[in-house]
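Work through the exercises below with the model open. Each task is followed by its solution.

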Amino acid sequence: MTPRGPWDDAMRLALTEAEAALAADDVPVGAVVLDASGTVVATGHNTRESHHDPTGHAEVVALRAAAAARGEWRLTGCTLVVTLEPCTMCAGAVVLSRVDRLVFGAYDDKLGAVGSLWDVVRDRRLNHRPEVVAGVLAAESTSLLDGFFARHRTKDAS
């Protein structure tokens, strides 16, 4: 039996959000924002296809919902849990929202901005640097993504 980590339950919620994106034929990425006590403040998943919105990334959707729920843009004390390493836009949103912690599942070797390609959230020139926890339930996140892209490659080939 695999030992459970402290972020597994929240990542499972993010994976459920990712499945909602998948159901809408969008890249299956999900996100959850937790407050300091671990209570879910907001959730989100990719909505680029359904909303025709290039900024409809799971992280941005969840951060916007959390800010609306809290009535302020500063999400100090919060943790963002997301199934995929954030891109540069989302990493910037993480810094600007002032979340205390970023937890993610799968690394993104092509667009990742939290260590893979760039490391926006740890850039010492910025005024806020959240704690980063990487690789939580990465295999589950990777499996969803791999399945999605394999189906799309098959569709594109026919």
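Two strands pair if DSSP finds at least two bridges between them. Strands (E, at least two residues) and helices (H or I, at least four) are DSSP runs, numbered from the N terminus. The model is predicted: local features need pLDDT of at least 70, side-chain atom pairs count only at pLDDT 80 or more, and totals for chains, interfaces and linings use all residues. Residues are numbered from 1 along each chain as its sequence is written, and side-chain values use heavy atoms, without hydrogens and water.

**Exercise 1.** Determine the sense in which β1 and β3 pair.

Solution. Take β1 at residues 30–34 and β3 at residues 79–84. Four bridges join them, in the antiparallel sense. Leu34 stands opposite Thr79 in β3.

**Exercise 2.** Give the strand order of the open sheet, then find its edges.

Solution. The five strands run β2-β1-β3-β4-β5, with mixed pairing. β2 (40–45) and β5 (131–134) each have a single partner strand, so one side of each lacks a neighbour in the sheet.

**Exercise 3.** Describe the largest pocket.

Solution. Start with the definition: on a 1 Å grid over the protein atoms alone, a pocket is an open set of points where a 1.4 Å probe fits, with protein on both sides within 12 Å along at least five of seven lines; lining residues have an atom within 4 Å of a point. The volume, the space filled by probe spheres set on the points, is about 590 Å³. Of 22 lining residues, Val27, Leu84, Asp108, Leu145 and Phe149 are the closest to the centre. Helix α5 (residues 138–157) gives the most to the lining, with five residues.
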